[in-house]
Amino acid sequence: MGFRAQKITDRVYWVGAIDWTVRDFHGYSTERGTTYNAYLILADKVTLIDTVKAPFKAELLERIASVIAPQKIDYIISNHAEMDHSGALPQIIAEVKPEKVFASVIGAKALQEHFHFGQRLVPVQDGDTLSLGNLNLRFMETRMLHWPDSMVTYLVEDGLLFSQDGFGMHLASGERFADEIDDKILYHQAAKYYANILLPYSPLVLKLLARIDEAGLQIKFIAPDHGPIWRTNVGQVLNWYQRWAEQHPEPKVLIIYDTMWQSTDLLARAIADGVRDEGLTVRVMHLRANDRSDVMTEVLSAGAVVVGSPTLNNNVFPTVADMLTYMKGLKPQNKIGAVFGSYGWSGEAVKVITEELKAIGMDVPFEPFKVKYVPDQPAIAEAVRFGIEIGRLLKERLQKWMKR
Ligand code: FEO
């Protein structure tokens, strides 16, 4: 007995692969592994939705074969050209010889540019429908969510949305359905995925949610390309996306920093005490003890982001530069920014960080807090006050936000 398919509805099966061991997904830390989901629809025209990362091709084929001979597949639909979902596509096409392979217009071009395989692909447009004989699919382009080629596919009769990366998470599990998994794990991993993949496209996420609403789709299942399938209370994940896309600031201050001789570390901890005195949640993340993708998960909901660095060779510490570059690309909005650090003689780091936070779009209302060499007790007290001021300002801003 080989790998088995798992039934989702009477005619839809999960036939993907579980990657229990991956810990670095193109720079995103996947501490719980991931799944590459593919789905088989047993319609008159047997249809495969997406494939898997190339090394998992055999697992995909075995799961399909547990339900139907792979050569009976008539159609393949590629919702997204990124190689965690298309890597196995050329070999699957070669072995299955489907009648047609569908992708969005941009997707068809992107797949050619990846695989240079000369395969004739059928481009589909936003709103197009495809008859599978007894069932019907409807395509919806989701450009830049999160690639230009991205689209989702809706199985009308089952109310099932194949949502590619959207509403997914990196989470390897024996359970295939979200309702079988602890809510806290789901929330954390879905938030991490959103913060690191979809955050810069939040305005498009809001438009997509509005489109789903306006179209009156009766979504009963959301089947993403990573992580568990949503089959009960799909509104829960839709609500999470609405909130993340609106970028609601929360009463939380995130302090991220690196340190050379523990001066910046002392300041970070003192600032955290000040924030806590104001009754706010505080997170302190040393950049060599935390992966940048975990830092971004906290950035997603933080109302204030406080960044600290010693000055090294007239610049910021390299890990701080790395984090600022990463954060800038992900475009978090609605944050207060604040800056601190230690220095020996020139002290440029705080200026560099201030400019970067402003370039991200943060409001940076305070003068940077900087200390020469090692903070003494008055400097520590000043750092605590800095934390209190940040906390107070955030509370004021949150009150205004609530009144909007
Ligand atoms: Fe999971 Fe954008 O690929």
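## Basis of the model

Residues are numbered from 1 along each chain as its sequence is written, and side-chain values use heavy atoms, with hydrogens and water left out. In this predicted model, local features need pLDDT of at least 70 and side-chain atom pairs count only at pLDDT 80 or more, whereas totals for chains, interfaces and linings use all residues.

Contact, meaning heavy atoms within 4.5 Å, involves 13 residues of domain 1 and 12 residues of domain 2. About 1000 Å² is buried between domain 1 and domain 2, with 59% of this area given by carbon and sulfur atoms. Buried area is the accessible area (1.4 Å probe) that two parts lose on being put together, summed over both. Of the area that domain 1 buries against domain 2, 44% is supplied by Asn196, Leu199 and Pro200, more than by any other three residues.

Between domain 1 and domain 2 there are 6 residue pairs in polar contact, both residues being at pLDDT 80 or more. A polar contact is a pair of N or O atoms within 3.5 Å; within protein, one must be able to donate a hydrogen and the other to accept it, and residues adjacent in sequence count only if both atoms are side-chain atoms. On the side of domain 1 that touches domain 2, two or more residues each come from β5 (28–29) and α5 (183–198). Helices (H or I, at least four residues) and strands (E, at least two) are DSSP runs, numbered from the N terminus. The largest share of that side, 6 residues, belongs to α5.

## Helix α5

The buried residues of α5 include Leu186, Lys192, Tyr193, Asn196 and Leu198. Buried means under 20% relative accessible area, exposed over 50%, and partly exposed in between (1.4 Å probe, protein chains only). The buried residues of α5 pack against β5, α6 (202–215), α7 (234–246), α9 (292–301) and α10 (318–330). At the start of α5, the backbone nitrogen of Lys184 has a side-chain oxygen of Asp182 within 2.7 Å.

## Salt bridges

The structure holds 24 salt bridges, each a side-chain nitrogen of Lys or Arg within 4 Å of a carboxyl oxygen of Asp or Glu. Across the interface of domain 1 and domain 2 there is 1 salt bridge. Asp294 and Lys192 pair through their side chains at 2.7 Å, N to O. Salt bridges with shared partners join Glu31, Lys192 and Asp294 into one network.

Lys57 and Glu95 form another salt bridge, their closest N and O atoms being 2.8 Å apart. This pair links Lys57 in helix α1 with Glu95 in helix α3 (residues 89–96), 38 residues apart. Lys57 counts as buried because its relative accessibility is 15%, while Glu95, at 34%, counts as partly exposed. Beyond its neighbours within four places in sequence, Lys57 is in contact with Val52, Ala88, Gln91, Ile92 and Glu95.

Asp126 forms a salt bridge with Arg211, with 2.9 Å between the closest N and O atoms. Asp126 lies in the loop between β11 (122–124) and β12 (129–131), and Arg211 in helix α6, 85 residues apart.
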